Amino acid sequence: MSKLTKNQKSVADKIEAGKAYTLKEATELVKEITTTKFDASLDIDVRLGVDPRKANQMVRGVVSLPNGTGKVTRVLCLCTPDAEAAAKEAGADYVGLDEYIEKIKGGWTDIDVIITMPSCMGKLGPLGRVLGPRGLMPNPKSGTVTMDVAKAVKEVKQGKIDFKVDKAGIIHASIGKVSFTPEQIFENAKEFIATVIKLKPAAAKGTYIKSIFISSTMSKGIKVDPKSAE
């Protein structure tokens, strides 16, 4: 068994095995145990007591993080010519329609979010095989298919994210950066968890929030007491 490095030992000493910390404690501790030299991302994993295979237990939604994500989100707005100016003014990195659809057909996916209008969705259908696996296909439920593309672009740029439960019943999301203050991390985590709780399916029985873990890139996960996050 290899010996722990000085940093690893320091981190190990700060986390009590098996302990569930309050959300406030966890958002302070995650900064202390992060030793990366770059501004690591902060992630939250919420295990739910749902069966994602059943349509009436699928949990999917959007949340606007009070302090943003800390990431630069590259937005492509596929819209009609009359909406292009507003989309650009709202902060979209790329704006257009047919020329970008052709670029995507050619393999270009150097973007994080695609926002479009209902009237343009017909043109995106053939791109499902490219966009679907990358999580880039616009969806009305996530607010990325809308008539008000400028508003949608602005919200995404300010920290709006979408999420959904995976096949294992877990929701994974990035809620900030290690450079955030503990208060900013706490506020983002609190808002995210509150949104997940609001989306509890009526068909879900028993314990809804089974576990919560907060971690940063390459750090250990910190177990959070779900009751402290309500």
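In this predicted model, Leu 23, Lys 24, Thr 27, Glu 28, Val 30 and Lys 31 of helix H2 are in contact (heavy atoms within 4.5 Å) with Pro 182, Ile 185, Phe 186, Ala 189, Lys 190 and Ile 193 of helix H8. By class, this contact has 7 nonpolar, 1 polar and 4 charged residues. Residues are numbered from 1 along each chain as its sequence is written. As the model is predicted, local features need pLDDT of at least 70 and side-chain atom pairs count only at pLDDT 80 or more, whereas totals for chains, interfaces and linings use all residues.

**Helices H2 and H8**
- The axes (lines fitted to C-alpha atoms over the stretch in contact, with angles from 0 to 180 degrees between N-to-C directions) of H2 (residues 23-32) and H8 (residues 182-198) come within 9 Å and cross at roughly 130°.
- H2 and H8 are therefore oblique to each other, the term for angles that are not under 35 degrees (roughly parallel), over 145 (roughly antiparallel) or 65 to 115 (roughly perpendicular).
- The crossing of H2 and H8 is right-handed.

**Helices H3 and H7**
- H3 (residues 81-90) packs against H7 at an angle of about 15°, and their axes are 8 Å apart.
- H3 and H7 are therefore roughly parallel to each other.
- Ala 83, Ala 86, Ala 87 and Ala 90 of H3 make the contact with Val 149, Ala 150, Val 153, Lys 154 and Lys 157 of H7.
- This contact of H3 with H7 has 7 nonpolar, no polar and 2 charged residues.

**The largest pocket**
- Strands S2 (60-64), S5 (113-116), S6 (160-164) and S7 (170-177) and helix H7 (149-158) each supply at least two lining residues.
- S6 gives the largest share of the lining, 5 residues.
- The lining divides into 14 nonpolar, 10 polar and 8 charged residues.

How values were computed. Side-chain values use heavy atoms; hydrogens and water are left out. Helices (H or I, at least four residues) and strands (E, at least two) are DSSP runs, numbered from the N terminus. A crossing is left-handed if the near helix is turned anticlockwise from the far one by less than a right angle, and right-handed if clockwise. Ala, Val, Leu, Ile, Met, Phe, Trp, Tyr, Cys and Pro count as nonpolar, Asp, Glu, Lys and Arg as charged, and the others, Gly among them, as polar.
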